[in-house]
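Let's take a walk through a protein together, from the overall build to a few spots inside. Have the sequence and the 3D view open as you read.

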Amino acid sequence: MLVVAIGSIPLIMTLGNSMLIPILPKMETELNISAFQASLTITVFSIAAAIFIPIFGYLSDRLTRKRIIIPALSLYGIGGLLAGAAAAWFANPFIWIMAGRVLQGIGAAGTTPIAMALTGDLFKGGQQSKVLGLVEASNGFGKVLSPIVGSLLALLAWYGPFWGFPVFVLVSLLLTAFFIKEKKKKKEPMPFGTYVKGLFSVFKHEGRWLFTAYLAGATCLLTLFGILFYLSDVLETTYHIDGVLKGCILAIPLLFMMTTSLITGSKIGKHLPRMKLCIMIGFLLMTISFSTLVFFHRLVPFIAILVISSVGTGLVLPCLNSLITGSVGQEMRGFVTSLYGSVRFLGVAAGPPLFEMLMNWSRTGMFLLTAGLTLLLGLLCLLFIHVKKTKPAKSDDSAHTLFKKFQLTTE
(Lines give C-alpha, C1' and ligand atoms only; values in the text may rest on other atoms or scores of the structure.)
Protein backbone atom coordinates (compact mmCIF):
# COMPACT_ATOMS: atom_id res chain seq x y z
CA MET A 1 0.00 0.00 0.00
CA LEU A 2 2.98 2.28 0.50
CA VAL A 3 3.96 1.79 -3.14
CA VAL A 4 0.33 2.30 -4.24
CA ALA A 5 0.18 5.53 -2.24
CA ILE A 6 3.43 6.82 -3.77
CA GLY A 7 2.29 5.74 -7.24
CA SER A 8 -1.02 7.60 -6.88
CA ILE A 9 0.80 10.94 -6.59
CA PRO A 10 2.35 11.08 -10.10
CA LEU A 11 -0.86 9.59 -11.51
CA ILE A 12 -2.80 12.59 -10.19
CA MET A 13 -0.24 14.98 -11.65
CA THR A 14 -0.45 13.32 -15.06
CA LEU A 15 -4.23 13.68 -15.20
CA GLY A 16 -3.74 17.44 -15.06
CA ASN A 17 -2.73 17.68 -18.71
CA SER A 18 -3.56 14.41 -20.44
CA MET A 19 -7.22 14.41 -19.36
CA LEU A 20 -7.76 17.71 -21.17
CA ILE A 21 -6.15 16.69 -24.49
CA PRO A 22 -9.41 15.15 -25.88
CA ILE A 23 -11.54 18.21 -25.02
CA LEU A 24 -9.28 20.93 -26.45
CA PRO A 25 -11.05 21.09 -29.87
CA LYS A 26 -14.45 21.20 -28.11
CA MET A 27 -13.18 23.94 -25.79
CA GLU A 28 -12.24 26.02 -28.84
CA THR A 29 -15.80 25.76 -30.15
CA GLU A 30 -17.63 26.30 -26.86
CA LEU A 31 -15.54 29.25 -25.70
CA ASN A 32 -14.95 30.67 -29.20
CA ILE A 33 -11.18 30.69 -28.77
CA SER A 34 -8.28 29.76 -31.05
CA ALA A 35 -6.33 26.50 -30.99
CA PHE A 36 -3.39 28.41 -29.54
CA GLN A 37 -5.53 29.75 -26.67
CA ALA A 38 -6.85 26.25 -25.98
CA SER A 39 -3.29 24.91 -25.86
CA LEU A 40 -2.48 27.54 -23.22
CA THR A 41 -4.58 25.59 -20.71
CA ILE A 42 -1.79 23.00 -20.89
CA THR A 43 0.97 25.59 -20.99
CA VAL A 44 0.00 27.73 -17.97
CA PHE A 45 -0.44 24.61 -15.82
CA SER A 46 3.04 23.43 -16.75
CA ILE A 47 4.75 26.83 -16.40
CA ALA A 48 3.24 27.37 -12.93
CA ALA A 49 4.44 23.91 -11.93
CA ALA A 50 7.91 24.53 -13.36
CA ILE A 51 8.27 27.75 -11.33
CA PHE A 52 7.13 26.28 -8.01
CA ILE A 53 8.74 22.84 -8.23
CA PRO A 54 12.22 23.99 -7.05
CA ILE A 55 10.60 25.95 -4.20
CA PHE A 56 8.65 22.92 -3.00
CA GLY A 57 11.73 20.76 -3.50
CA TYR A 58 13.75 22.99 -1.18
CA LEU A 59 10.93 23.07 1.40
CA SER A 60 10.64 19.27 1.30
CA ASP A 61 14.34 19.04 2.18
CA ARG A 62 13.80 21.41 5.11
CA LEU A 63 10.53 19.90 6.37
CA THR A 64 9.26 16.48 5.25
CA ARG A 65 8.02 15.22 1.90
CA LYS A 66 4.55 14.45 3.25
CA ARG A 67 4.05 17.97 4.66
CA ILE A 68 4.51 19.29 1.11
CA ILE A 69 2.56 16.62 -0.79
CA ILE A 70 -0.72 16.87 1.15
CA PRO A 71 -1.23 20.69 0.82
CA ALA A 72 -0.09 20.48 -2.82
CA LEU A 73 -2.70 17.84 -3.65
CA SER A 74 -5.38 19.93 -1.90
CA LEU A 75 -4.49 23.01 -3.97
CA TYR A 76 -4.59 20.87 -7.11
CA GLY A 77 -8.18 19.81 -6.33
CA ILE A 78 -9.27 23.39 -5.56
CA GLY A 79 -7.92 24.55 -8.93
CA GLY A 80 -10.00 21.90 -10.69
CA LEU A 81 -13.12 23.06 -8.83
CA LEU A 82 -12.51 26.69 -9.87
CA ALA A 83 -12.00 25.76 -13.55
CA GLY A 84 -15.11 23.54 -13.57
CA ALA A 85 -17.28 26.15 -11.87
CA ALA A 86 -16.07 28.86 -14.28
CA ALA A 87 -16.83 26.73 -17.34
CA ALA A 88 -20.30 25.84 -16.03
CA TRP A 89 -21.56 29.13 -14.58
CA PHE A 90 -19.32 32.13 -15.36
CA ALA A 91 -20.15 34.58 -18.17
CA ASN A 92 -16.51 34.93 -19.30
CA PRO A 93 -15.02 31.62 -18.18
CA PHE A 94 -11.71 31.47 -20.06
CA ILE A 95 -9.73 33.75 -17.72
CA TRP A 96 -11.08 31.89 -14.67
CA ILE A 97 -10.28 28.52 -16.23
CA MET A 98 -6.74 29.78 -16.72
CA ALA A 99 -6.62 30.89 -13.06
CA GLY A 100 -7.79 27.45 -11.96
CA ARG A 101 -5.15 25.84 -14.15
CA VAL A 102 -2.46 28.02 -12.57
CA LEU A 103 -3.60 26.86 -9.10
CA GLN A 104 -3.50 23.27 -10.33
CA GLY A 105 0.00 23.81 -11.69
CA ILE A 106 1.21 25.14 -8.34
CA GLY A 107 -0.33 22.10 -6.65
CA ALA A 108 1.22 19.75 -9.21
CA ALA A 109 4.64 21.17 -8.27
CA GLY A 110 4.42 19.26 -5.00
CA THR A 111 3.54 15.88 -6.52
CA THR A 112 5.77 13.79 -8.81
CA PRO A 113 9.20 15.33 -8.06
CA ILE A 114 8.59 15.09 -4.30
CA ALA A 115 7.31 11.52 -4.74
CA MET A 116 10.57 10.67 -6.53
CA ALA A 117 12.59 12.17 -3.66
CA LEU A 118 10.41 10.27 -1.18
CA THR A 119 11.12 7.02 -3.04
CA GLY A 120 14.83 7.78 -2.80
CA ASP A 121 14.43 8.26 0.97
CA LEU A 122 12.43 5.10 1.65
CA PHE A 123 13.99 2.58 -0.76
CA LYS A 124 17.60 1.69 -1.52
CA GLY A 125 19.59 -0.21 -4.14
CA GLY A 126 17.80 -2.16 -6.85
CA GLN A 127 14.51 -1.79 -4.97
CA GLN A 128 14.76 1.98 -5.43
CA SER A 129 15.07 1.63 -9.23
CA LYS A 130 12.15 -0.80 -9.28
CA VAL A 131 9.87 1.58 -7.34
CA LEU A 132 11.02 4.53 -9.48
CA GLY A 133 10.09 2.43 -12.51
CA LEU A 134 6.67 1.93 -10.94
CA VAL A 135 6.42 5.69 -10.35
CA GLU A 136 7.14 6.33 -14.04
CA ALA A 137 4.74 3.53 -14.99
CA SER A 138 2.10 5.16 -12.79
CA ASN A 139 2.81 8.38 -14.63
CA GLY A 140 2.35 6.46 -17.89
CA PHE A 141 -0.80 4.73 -16.60
CA GLY A 142 -2.22 8.17 -15.84
CA LYS A 143 -1.48 9.17 -19.42
CA VAL A 144 -3.17 5.98 -20.70
CA LEU A 145 -6.19 6.38 -18.45
CA SER A 146 -6.68 10.12 -18.71
CA PRO A 147 -7.70 10.49 -22.40
CA ILE A 148 -10.34 7.78 -21.89
CA VAL A 149 -11.55 9.21 -18.58
CA GLY A 150 -11.49 12.72 -20.03
CA SER A 151 -13.58 11.58 -23.00
CA LEU A 152 -16.08 9.80 -20.71
CA LEU A 153 -16.45 12.82 -18.42
CA ALA A 154 -16.86 15.04 -21.48
CA LEU A 155 -19.97 13.03 -22.40
CA LEU A 156 -21.64 14.62 -19.36
CA ALA A 157 -20.42 18.10 -20.30
CA TRP A 158 -17.39 19.32 -22.22
CA TYR A 159 -15.98 20.71 -18.96
CA GLY A 160 -16.62 17.44 -17.09
CA PRO A 161 -12.89 16.63 -16.77
CA PHE A 162 -12.39 19.71 -14.57
CA TRP A 163 -14.89 18.27 -12.06
CA GLY A 164 -13.08 14.93 -12.13
CA PHE A 165 -9.86 16.33 -10.67
CA PRO A 166 -11.09 16.80 -7.06
CA VAL A 167 -12.43 13.23 -6.94
CA PHE A 168 -9.13 11.68 -7.98
CA VAL A 169 -7.21 14.00 -5.67
CA LEU A 170 -9.29 12.88 -2.68
CA VAL A 171 -8.30 9.24 -3.27
CA SER A 172 -4.60 10.13 -3.43
CA LEU A 173 -4.89 12.35 -0.35
CA LEU A 174 -6.34 9.50 1.72
CA LEU A 175 -3.72 7.02 0.51
CA THR A 176 -0.91 9.48 1.28
CA ALA A 177 -2.26 10.38 4.71
CA PHE A 178 -2.74 6.79 5.89
CA PHE A 179 0.00 4.73 4.24
CA ILE A 180 3.07 6.96 3.82
CA LYS A 181 5.08 6.98 7.03
CA GLU A 182 8.29 8.99 6.98
CA LYS A 183 11.10 8.66 9.48
CA LYS A 184 11.47 11.68 11.74
CA LYS A 185 14.47 13.81 10.91
CA LYS A 186 17.23 12.93 13.37
CA LYS A 187 19.00 16.25 13.00
CA GLU A 188 18.21 19.85 12.23
CA PRO A 189 18.21 20.86 8.53
CA MET A 190 21.54 22.25 7.40
CA PRO A 191 21.81 26.07 7.33
CA PHE A 192 20.67 27.71 4.10
CA GLY A 193 24.20 28.82 3.19
CA THR A 194 25.56 25.31 3.65
CA TYR A 195 22.66 23.89 1.64
CA VAL A 196 23.35 26.26 -1.28
CA LYS A 197 27.09 25.51 -1.17
CA GLY A 198 26.30 21.79 -1.27
CA LEU A 199 24.10 22.27 -4.34
CA PHE A 200 26.78 24.33 -6.08
CA SER A 201 29.26 21.57 -5.33
CA VAL A 202 26.95 18.94 -6.84
CA PHE A 203 26.37 20.92 -10.03
CA LYS A 204 30.02 21.95 -10.29
CA HIS A 205 31.27 18.36 -10.31
CA GLU A 206 28.32 16.59 -11.94
CA GLY A 207 26.66 19.46 -13.80
CA ARG A 208 27.34 18.42 -17.39
CA TRP A 209 25.73 15.00 -17.15
CA LEU A 210 22.96 16.22 -14.80
CA PHE A 211 21.90 19.04 -17.13
CA THR A 212 22.11 16.64 -20.07
CA ALA A 213 19.78 14.29 -18.18
CA TYR A 214 17.43 17.18 -17.36
CA LEU A 215 17.31 18.22 -21.01
CA ALA A 216 16.72 14.61 -22.09
CA GLY A 217 13.71 14.32 -19.75
CA ALA A 218 12.27 17.62 -20.99
CA THR A 219 12.69 16.49 -24.62
CA CYS A 220 10.84 13.22 -23.97
CA LEU A 221 7.87 15.09 -22.50
CA LEU A 222 7.92 17.84 -25.13
CA THR A 223 7.75 15.36 -28.00
CA LEU A 224 5.19 13.18 -26.23
CA PHE A 225 2.68 15.96 -25.53
CA GLY A 226 3.37 17.67 -28.84
CA ILE A 227 2.57 14.50 -30.79
CA LEU A 228 -0.52 13.82 -28.64
CA PHE A 229 -1.74 17.34 -29.38
CA TYR A 230 -1.17 16.75 -33.11
CA LEU A 231 -2.88 13.36 -33.01
CA SER A 232 -5.87 14.73 -31.09
CA ASP A 233 -6.35 17.44 -33.70
CA VAL A 234 -5.98 15.04 -36.65
CA LEU A 235 -8.43 12.51 -35.18
CA GLU A 236 -11.11 15.18 -34.91
CA THR A 237 -10.52 17.28 -38.02
CA THR A 238 -9.42 14.60 -40.52
CA TYR A 239 -11.07 11.40 -39.29
CA HIS A 240 -14.03 12.95 -37.42
CA ILE A 241 -13.33 10.74 -34.41
CA ASP A 242 -14.19 12.13 -30.98
CA GLY A 243 -15.53 10.98 -27.63
CA VAL A 244 -14.43 7.75 -25.98
CA LEU A 245 -13.08 6.23 -29.22
CA LYS A 246 -10.75 9.20 -29.59
CA GLY A 247 -9.58 8.75 -26.00
CA CYS A 248 -8.90 5.06 -26.59
CA ILE A 249 -6.81 5.79 -29.70
CA LEU A 250 -4.79 8.45 -27.84
CA ALA A 251 -4.18 5.88 -25.10
CA ILE A 252 -2.53 3.31 -27.42
CA PRO A 253 0.97 4.85 -27.61
CA LEU A 254 0.77 5.75 -23.91
CA LEU A 255 -0.02 2.14 -23.01
CA PHE A 256 3.18 0.99 -24.73
CA MET A 257 5.17 3.70 -22.94
CA MET A 258 3.75 2.66 -19.54
CA THR A 259 4.48 -1.04 -20.12
CA THR A 260 8.03 -0.32 -21.25
CA SER A 261 8.64 1.94 -18.23
CA LEU A 262 7.47 -0.79 -15.86
CA ILE A 263 9.70 -3.43 -17.43
CA THR A 264 12.70 -1.09 -17.66
CA GLY A 265 12.46 -0.06 -14.01
CA SER A 266 12.34 -3.70 -12.90
CA LYS A 267 15.40 -4.70 -14.96
CA ILE A 268 17.94 -1.86 -14.65
CA GLY A 269 18.62 -2.12 -10.89
CA LYS A 270 21.60 0.14 -10.15
CA HIS A 271 23.52 -1.03 -13.23
CA LEU A 272 24.69 2.26 -14.76
CA PRO A 273 26.01 0.89 -18.08
CA ARG A 274 22.64 -0.78 -18.60
CA MET A 275 20.87 2.52 -17.88
CA LYS A 276 23.00 4.36 -20.43
CA LEU A 277 22.39 1.63 -23.04
CA CYS A 278 18.62 1.90 -22.50
CA ILE A 279 18.80 5.69 -22.89
CA MET A 280 20.73 5.41 -26.15
CA ILE A 281 18.38 2.76 -27.58
CA GLY A 282 15.37 4.81 -26.48
CA PHE A 283 16.47 7.96 -28.28
CA LEU A 284 17.41 5.93 -31.37
CA LEU A 285 13.90 4.43 -31.48
CA MET A 286 12.36 7.88 -31.08
CA THR A 287 14.48 9.27 -33.92
CA ILE A 288 13.59 6.38 -36.25
CA SER A 289 9.90 6.68 -35.42
CA PHE A 290 9.58 10.46 -35.89
CA SER A 291 11.59 10.51 -39.13
CA THR A 292 9.51 7.63 -40.54
CA LEU A 293 6.13 9.21 -39.64
CA VAL A 294 6.68 11.66 -42.52
CA PHE A 295 5.73 8.90 -44.96
CA PHE A 296 2.55 7.67 -43.20
CA HIS A 297 -0.80 9.44 -43.42
CA ARG A 298 -3.29 6.61 -42.86
CA LEU A 299 -4.27 6.20 -39.22
CA VAL A 300 -3.43 2.56 -38.47
CA PRO A 301 0.17 2.54 -39.82
CA PHE A 302 0.70 6.01 -38.31
CA ILE A 303 -0.23 4.73 -34.83
CA ALA A 304 1.92 1.62 -35.33
CA ILE A 305 5.01 3.72 -36.13
CA LEU A 306 4.22 6.18 -33.33
CA VAL A 307 4.24 3.29 -30.84
CA ILE A 308 7.97 2.83 -31.55
CA SER A 309 8.68 6.30 -30.17
CA SER A 310 6.56 5.50 -27.10
CA VAL A 311 8.67 2.41 -26.42
CA GLY A 312 11.75 4.62 -26.72
CA THR A 313 10.35 7.11 -24.20
CA GLY A 314 9.55 4.23 -21.85
CA LEU A 315 13.18 3.11 -22.03
CA VAL A 316 14.63 6.57 -21.36
CA LEU A 317 12.55 8.02 -18.51
CA PRO A 318 12.97 5.33 -15.77
CA CYS A 319 16.75 5.40 -16.32
CA LEU A 320 16.87 9.18 -16.00
CA ASN A 321 14.70 8.99 -12.87
CA SER A 322 17.05 6.51 -11.24
CA LEU A 323 20.21 8.39 -12.21
CA ILE A 324 18.96 11.73 -10.92
CA THR A 325 17.26 10.48 -7.76
CA GLY A 326 20.41 8.61 -6.77
CA SER A 327 22.69 11.55 -7.50
CA VAL A 328 22.71 13.07 -4.00
CA GLY A 329 21.96 12.21 -0.39
CA GLN A 330 18.65 12.80 1.37
CA GLU A 331 19.52 16.35 2.54
CA MET A 332 19.44 17.81 -0.99
CA ARG A 333 17.54 15.14 -2.93
CA GLY A 334 14.28 17.09 -2.95
CA PHE A 335 15.77 20.08 -4.78
CA VAL A 336 17.75 18.05 -7.33
CA THR A 337 14.77 15.86 -8.27
CA SER A 338 12.47 18.88 -8.24
CA LEU A 339 14.68 20.78 -10.66
CA TYR A 340 14.42 17.74 -12.93
CA GLY A 341 10.64 17.82 -12.54
CA SER A 342 10.66 21.52 -13.36
CA VAL A 343 12.39 21.09 -16.71
CA ARG A 344 10.10 18.15 -17.50
CA PHE A 345 7.11 20.45 -16.97
CA LEU A 346 8.69 23.05 -19.23
CA GLY A 347 8.87 20.35 -21.88
CA VAL A 348 5.17 19.61 -21.40
CA ALA A 349 4.38 23.34 -21.50
CA ALA A 350 6.26 23.89 -24.76
CA GLY A 351 4.89 20.82 -26.56
CA PRO A 352 1.31 21.78 -27.60
CA PRO A 353 1.92 25.42 -28.66
CA LEU A 354 5.17 24.52 -30.42
CA PHE A 355 3.59 21.67 -32.36
CA GLU A 356 0.55 23.82 -33.15
CA MET A 357 2.88 26.31 -34.86
CA LEU A 358 4.81 23.53 -36.61
CA MET A 359 1.55 21.95 -37.84
CA ASN A 360 0.63 25.26 -39.50
CA TRP A 361 4.11 25.47 -41.03
CA SER A 362 4.80 21.97 -42.39
CA ARG A 363 3.85 18.45 -41.38
CA THR A 364 7.06 17.05 -42.87
CA GLY A 365 9.17 19.73 -41.23
CA MET A 366 7.50 19.09 -37.88
CA PHE A 367 8.43 15.40 -37.85
CA LEU A 368 11.95 15.92 -39.19
CA LEU A 369 12.72 18.64 -36.63
CA THR A 370 11.42 16.37 -33.87
CA ALA A 371 13.59 13.51 -35.12
CA GLY A 372 16.59 15.84 -35.24
CA LEU A 373 15.97 16.94 -31.64
CA THR A 374 15.82 13.37 -30.29
CA LEU A 375 18.93 12.45 -32.29
CA LEU A 376 20.78 15.43 -30.80
CA LEU A 377 19.79 14.45 -27.23
CA GLY A 378 20.88 10.88 -27.84
CA LEU A 379 24.31 12.13 -28.94
CA LEU A 380 24.56 14.44 -25.90
CA CYS A 381 23.78 11.51 -23.59
CA LEU A 382 26.41 9.42 -25.38
CA LEU A 383 29.03 12.15 -24.95
CA PHE A 384 28.33 13.38 -21.41
CA ILE A 385 27.09 10.37 -19.45
CA HIS A 386 30.15 8.21 -18.78
CA VAL A 387 30.02 5.36 -16.29
CA LYS A 388 32.77 3.41 -14.64
CA LYS A 389 32.09 0.77 -12.02
CA THR A 390 33.99 1.05 -8.73
CA LYS A 391 34.02 -0.64 -5.35
CA PRO A 392 30.96 -0.25 -3.12
CA ALA A 393 31.17 2.38 -0.40
CA LYS A 394 30.15 2.29 3.25
CA SER A 395 26.50 1.80 4.08
CA ASP A 396 25.40 5.26 5.24
CA ASP A 397 22.81 7.36 3.44
CA SER A 398 25.32 9.01 1.14
CA ALA A 399 26.74 5.60 0.28
CA HIS A 400 23.42 4.78 -1.30
CA THR A 401 23.82 7.51 -3.90
CA LEU A 402 24.94 6.44 -7.33
CA PHE A 403 28.05 8.62 -7.13
CA LYS A 404 29.28 6.72 -4.07
CA LYS A 405 28.55 3.26 -5.45
CA PHE A 406 29.78 4.06 -8.94
CA GLN A 407 31.93 6.71 -10.47
CA LEU A 408 30.10 8.96 -12.91
CA THR A 409 32.51 11.11 -14.85
CA THR A 410 32.06 13.84 -17.41
CA GLU A 411 35.52 13.80 -18.91
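Before we talk about surface, one term: accessible area here comes from the Shrake-Rupley method with a 1.4 Å probe. On that basis, the protein chain exposes about 16400 Å², with carbon and sulfur atoms supplying 71% of it. Keep in mind as we go that this is a predicted model.

Now for the overall build. Count along the protein chain and you'll find 15 helices and two strands. Out of its 411 residues, 59% are buried, where buried means under 20% relative accessible area. How does the chain meet itself? Take the contacts in the protein chain with a separation of 6 or more: 83% of them are between residues 24 or more positions apart.

How many cavities of 30 Å³ or more does the structure hold? There are two. The largest cavity has a volume of about 140 Å³, and 14 residues line it. If you want to find its centre, look for M13, N139, L221, R344 and F345, the lining residues that lie nearest to it. Several helices come together around this space: helix 1 (2-18), helix 6 (112-122), helix 7 (125-156), helix 9 (192-237) and helix 13 (330-361) each give at least two residues to the lining. Which of them gives the largest share? That's helix 13, with four residues. Sorted by class, the lining of the largest cavity has seven nonpolar, five polar and two charged residues.

The second largest cavity has a volume of about 80 Å³. Among the residues lining it are T223, L224, P253, M286, F290 and T313. Helix 9 turns up again here, and along with helix 11 (272-292) and helix 12 (299-325) it supplies at least two residues each. What about the classes in this lining? Seven of its residues are nonpolar, four are polar and none is charged.

Is T374 buried or exposed? Its relative accessible area is 0%, so T374 counts as buried. Leaving out residues up to four places away in sequence, T374 touches T219, T223, F283, M286, T287 and F290. T223, M286 and F290 also line the second largest cavity.

Let's finish with charges. Side chains of opposite charge can pair when their charged atoms come close. This structure holds two salt bridges. One of them joins E30 and K26, with their closest N and O atoms 3.6 Å apart. Why are these two so well placed along the chain? E30 and K26 sit four residues apart in helix 2 (residues 24-31), so about one helical turn separates them. Both count as partly exposed: E30 has a relative accessibility of 44%, and K26 has 41%.

The other salt bridge is between the side chains of E236 and K246, at 2.9 Å from N to O. This pair links distant parts of the chain, since E236 belongs to helix 9 and K246 to helix 10 (residues 243-268), ten residues apart.

Notes: Residues are numbered from 1 along each chain as its sequence is written. This is a predicted model: local features need pLDDT of at least 70, side-chain atom pairs count only at pLDDT 80 or more; totals for chains, interfaces and linings use all residues. Side-chain values use heavy atoms; hydrogens and water are left out. Buried means under 20% relative accessible area, exposed over 50%, partly exposed in between (1.4 Å probe, protein chains only). Contact means heavy atoms within 4.5 Å. On a 1 Å grid over the protein atoms alone, a cavity is a set of points where a 1.4 Å probe fits but cannot get out, and a pocket is an open set with protein on both sides within 12 Å along at least five of seven lines; lining residues have an atom within 4 Å of a point. Grid points are joined across faces, edges and corners, and a volume is the space filled by probe spheres set on the points. Ala, Val, Leu, Ile, Met, Phe, Trp, Tyr, Cys and Pro count as nonpolar, Asp, Glu, Lys and Arg as charged, and the others, Gly among them, as polar. A salt bridge is a side-chain nitrogen of Lys or Arg within 4 Å of a carboxyl oxygen of Asp or Glu.
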